[in-house]
Amino acid sequence: MQGSYRHDDACRVCGKEDLADIVSFGALPLANGFIAPGARDEEEETYPLDVAVCRNCWLVTLRQVVDPARLFRHYVYVSSESDQIRDHMRRIVDLGTRQADLAPGDLVVELGSNVGTQLGLFQEAGFRVVGVDPAANLVEKANERGVESIADFFGPEPASRIAERHGRASLVLGRQCFAHIDDVHRVLDGVEEVLAPGGALVIEVPYLLDLLDENQFDTIYHEHLSYFSVTTLRHLFALHGLRLVDVERAPVHGGSIVVTAVREGTGREPAPSVTGLLDLERESGLTDEARYRRFAAQVERVTGRVRDLVQELAAQGARVAGYGAPSKGTQLLMVCGIGERELEFCSDTTSLKHGKLLPGSKVPVCSPEEARERRPDYYLLLAWNYAEEIIRKERAFLEQGGRFIVPIPEPRIVSAQSVKEPI
Ligand code: TMP
Ligand code: ZN
């Protein structure tokens, strides 16, 4: 059953109709649409998933846009409580404070504020905070913990309401949400509305360069409409009178960039990090269609290798399960054609997911406690962005002869022997 969506011929950033198709994943269910056990036999809605690149501003984009209300009004993604993310959020407080030159009591506005974990840290550091997120269920949680949050899609109206009630924001922050946003121009109109004249906009997105270099094809799914480089973000910000002045790479979500923009006219010049990454992107072929053709070929090859490896192990009688049930894990299983026959279950720390089935592959999700009892021979590491942390945590599993299959950039097996030194 096909769900409804909009098909795009124009680039979301620059508006030009000059998109080159790169790779098509066929029609797939939504990666975050976990299925209640009672609904397992109901037909799932599917949507085509086609990736293209803009030959003008080099945005990598999906051709299809699923209604955001369908995707984000009730959202099961809760920002991770992992050590890695907690450390990163602390670093973002330092970075935001530095980039926006924050003084005690200044206002910090976050878009896509989820359950308010990041803003809670800004609040503890002595700043006033307001969050905006379309997911009413998550906003309720944020308000319960004392982080003032509004359930809405960010844009000029919520922005001017915030400005009226709280004044202008010295820092506007958007962590890992820009890739989800269809009308990025409306969001940046909102930023123009609420940002103080000398304030800073700090945006964190997964980095296209890392996606291509590490072959992270599983991070491509319907929720992620855009895949950004510094080249494209600079172009986008300039259309809104904002100048990209700094960028840092961060090791989260498989490799991200944290970019800072300020209003044109503040006189602030781009830091060397900006020109450094613009050069690197050009040298790496991000502004050349051929690079994307190579990526498509690599996706084809690696998905085949992952499928063959898991199917061979299962055929030999090995018990294989998934470690983590992130959206990209759902996506990886669907794209590689791995399902219930090969995987017994996926373990995940998110209680909202327990007892549900993964969309497409229909693999059931259970708690880490249950997984420990059922102990498979192999874990396919679907949450590969936490590989170090997970392998360290699962030392006992490895020492008892358990193994991890790390699927990307190329599938490899990790055993106690291959982790010789403590990480
Ligand atoms: P994320 O990459 O979008 O943060 O999602 C990671 C998923 O992996 C999330 O559903 C939680 C899960 N997870 C585990 O099950 N165990 C772990 O040790 C970690 C770090 C994450
Ligand atoms: Zn474009």
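Q: Against which elements do the buried residues of α2 pack?
A: In this predicted model, local features require pLDDT of at least 70 and side-chain atom pairs pLDDT 80 or more. Residues are numbered from 1 along each chain as its sequence is written. Buried means under 20% relative accessible area (1.4 Å probe, protein chains only), and contact means heavy atoms within 4.5 Å. The buried residues of α2 pack against α3 (117-124), β9 (169-175), β10 (195-206), β12 (242-250) and β13 (256-263).

Q: Which residues of α2 are buried?
A: An α-helix has 3.6 residues a turn, so residues three or four places apart point the same way. In α2, the buried set consists of Ile85, His88, Met89, Ile92, Val93, Leu95, Gly96 and Gln99.

Q: How far apart are the end C-alpha atoms of helix α2?
A: Helices are DSSP runs (H or I, at least four residues), and the expected span is 1.5 Å times one less than the number of residues. The 17 residues of α2 (residues 83-99) should therefore span 24 Å, and the distance between the end C-alpha atoms agrees with this, at 24 Å.

Q: Which residues of α3 are met by Met89, Arg90, Ile92 and Val93 in α2?
A: The axes, lines fitted to C-alpha atoms over the stretch in contact, come within 10 Å for α2 and α3. Those four α2 residues meet Thr117, Gln118, Leu121 and Phe122 in α3.

Q: At what angle do the axes of α2 and α3 cross?
A: Angles run from 0 to 180 degrees between N-to-C directions. Those under 35 degrees count as roughly parallel, over 145 as roughly antiparallel, 65 to 115 as roughly perpendicular and the rest as oblique. α2 and α3 are therefore oblique to each other, with their axes crossing at roughly 50°.

Notes. Chains are lettered from A and ligands numbered from 1 in the order in which they are written. Side-chain values use heavy atoms; hydrogens and water are left out. Helices (H or I, at least four residues) and strands (E, at least two) are DSSP runs, numbered from the N terminus. Buried means under 20% relative accessible area, exposed over 50%, partly exposed in between (1.4 Å probe, protein chains only).
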